[in-house]
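Reader: I'm new to this one and would like a quick tour. Could you show it to me and then take my questions?

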Amino acid sequence: MKPIKSTTIFSCTKCGAQYPKWQGRCLECGSWGTLVEEASKVSAAKNLKPGKLADKPLNLKDVEILDQERLKTGSEEIDRVLGGGIVKGSLILIGGDPGVGKSTLALQIINHVPNCLYVSGEESASQVKMRAERLKTNLDKLHFLPQTDIETVIASIRETKPAMVIIDSIQTMNYAELPGGLGSANQLSACTSLLLEAAKATNIPILIIGHVTKDGFVAGPKALEHLVDAVLYLERDDQNFYQILRSVKNRFGATGEIGLFEMTTIGFREIKNPAEIFLSGHDDNSSGKATTAVLEGSRTFLAEIQALVNKTAFGYPQRRATGFDLNRLQMLIAVLAKTAKINLGNHDVYLNIAGGLKIKDPAADLAVCLAIASAFLDIPVGTKTLALGEIGLSGEVRSASQTEIRLKEAKKLGFNKIIMPPGKNKTASSEAVLVKNLAEAIKLLK
Ligand code: TYD
Ligand code: MG
């Protein structure tokens, strides 16, 4: 729908005929000097007579749900993150730091889509060709357009009607009719809106690449999230082992879904069974380690928590955490001292999550406490033991959400002792060792 423009019109006071320009004589009724200026900025709603609504409200009961046609990308991980493939006519944003692999991922996505248009304002045709050859992309039906003028890009999309379009990147696109430098917030949202319109009008899916800017997303992809249908972020874990593709918004699927990839010399390789990749792999039964199961989207990962507890040599005791919230660690250390008599007032505590995973899931609390206590007491927790539960300030252990899914994954990997709180459903499995509070859990060590 086009916005109503505010223009001036001239109408005849005698017969009501309207003209865009002033003139001496009304051509309709022939009177002289009857044209007067009138502002015609009338809202569309005011013009409508009762019973003549242009857009009648619909009863949702009568609305037919159209089957969402999805393009498969050939990668199970990407398809799952997108909720089952790329919906036709959708606008998808892939955001991420420069160099994380957005262009690579985009080329791999279109590998299985015949007839694609790759618009680049960043790289030359030979650069893109080099990468595409490295990734063994099918070059037969891949069209390249080095262009930054968004209107030319959209005209080309409408003319060539590809099966899919990649815009690399939105920050390099320019809408000539708008003031504001390249990559300014105005330009970004104008270009994105134009692409959205084009995607809906042509039913062609468009994938936009957006760099996350250093200064906290101000003119970056964050500002565009409300415009597009789906937002994916490509992140790298701290130790550069894996790339994580995360969906933070999806109008056609679930959010919070993640896909795991590993960058190789021939592009991304998907990691299909990631449950155990964050375990350190050593089966040694040393103290200071505990395993838990964390949820990310519909995925369960088993994570190994490592703790080091040392007598403080000098000054204040140190508390350091990698992959875990430091404030939460401080709180857990306080609860350990208060309720389980593990007093770390004169000890440094270092916490590390193996494999560079970042844990936000509160269900890891119990494993963190057990790892610390195990390091302090120098008693191993056991290699086939898993701990699940959130710790409250008074030391009570609360159930983790979706315990069943986590237990299933743990059993699959051979864990035969699960330390967890008694749940609401009393059907605890034979592997479960139930504890009500932290003190009971620590007692299991001794
Ligand atoms: P790129 O996709 O250009 O990142 P972005 O578009 O997000 O800026 O590539 C990121 C890095 O990946 C680059 O430093 C080179 C590396 N790379 C590989 O290791 N293997 C490969 O097969 C490709 C294509 C790239
Ligand atoms: Mg790039």
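This is a predicted model: local features need pLDDT of at least 70, side-chain atom pairs count only at pLDDT 80 or more; totals for chains, interfaces and linings use all residues.

Reader: Where does S169 lie, and which residue does a cis peptide bond join to S169?

Author: S169 lies in the loop between β9 (164-168) and α6 (185-202). Most peptide bonds are trans. Here omega is about -5 degrees, and the cis bond joins S169 to D168.

Reader: How many helices and strands does the protein have?

Author: Going by those DSSP runs, the protein has ten helices and 23 strands.
As for burial, buried means under 20% relative accessible area, exposed over 50%, and partly exposed in between (1.4 Å probe, protein chains only). Of the 446 residues, the share that counts as buried is 46%.

Reader: Is K136 buried or exposed?

Author: K136 is in the loop between α4 (125-134) and β8 (142-146). Its phi is near 55 degrees, a positive value in a residue other than glycine. Most residues other than glycine have a negative phi. Because its relative accessibility is 61%, K136 counts as exposed.

Reader: What about K161: buried or exposed?

Author: K161 is found in the loop between α5 (150-160) and β9. Phi of K161 is positive too, near 45 degrees. With a relative accessible area of 57%, K161 is exposed.

Reader: How do the planes of Y118 and F144 sit in their aromatic pair?

Author: Rings of Phe, Tyr and Trp (its six-membered ring) pair if their centres lie within 6.5 Å; planes under 30 degrees apart count as stacked, over 60 as edge-to-face and the rest as tilted. By this rule the count is two aromatic pairs. For Y118 and F144, the centres are 6.2 Å apart and the planes are at 25 degrees, so the pair is stacked.

Reader: And which strands hold Y118 and F144?

Author: The pair links distant parts of the chain, 26 residues apart. Y118 is buried at 0% relative accessibility, while F144 is partly exposed at 25%. Y118 is in strand β7 (residues 116-120) and F144 in strand β8.

Reader: Which helix gives the most residues to the shell around ligand 1?

Author: A residue is near a molecule or strand if one of its heavy atoms lies within 4 Å of it. Ligand 1 is surrounded by 16 residues, the closest being G99, S103, T104, T264 and G267. At least two residues each come from α3 (102-109), α4 and β13 (258-264). The one that gives the most, with three residues, is α3.

Reader: How much of the accessible area of ligand 1 does the protein cover?

Author: An oxygen atom of ligand 1 is 2.7 Å from an N or O atom in the side chain of S103, and a polar side-chain atom of R131 lies 2.9 Å from an oxygen atom of the ligand. Areas here come from the Shrake-Rupley method with a 1.4 Å probe; for residues, only the protein chains shown count as cover. On its own, ligand 1 has 560 Å² of accessible area, and the protein covers 74%.

Key:
Residues are numbered from 1 along each chain as its sequence is written. Chains are lettered from A and ligands numbered from 1 in the order in which they are written. Side-chain values use heavy atoms; hydrogens and water are left out. Helices (H or I, at least four residues) and strands (E, at least two) are DSSP runs, numbered from the N terminus. A polar contact is a pair of N or O atoms within 3.5 Å; within protein, one must be able to donate a hydrogen and the other to accept it, and residues adjacent in sequence count only if both atoms are side-chain atoms.
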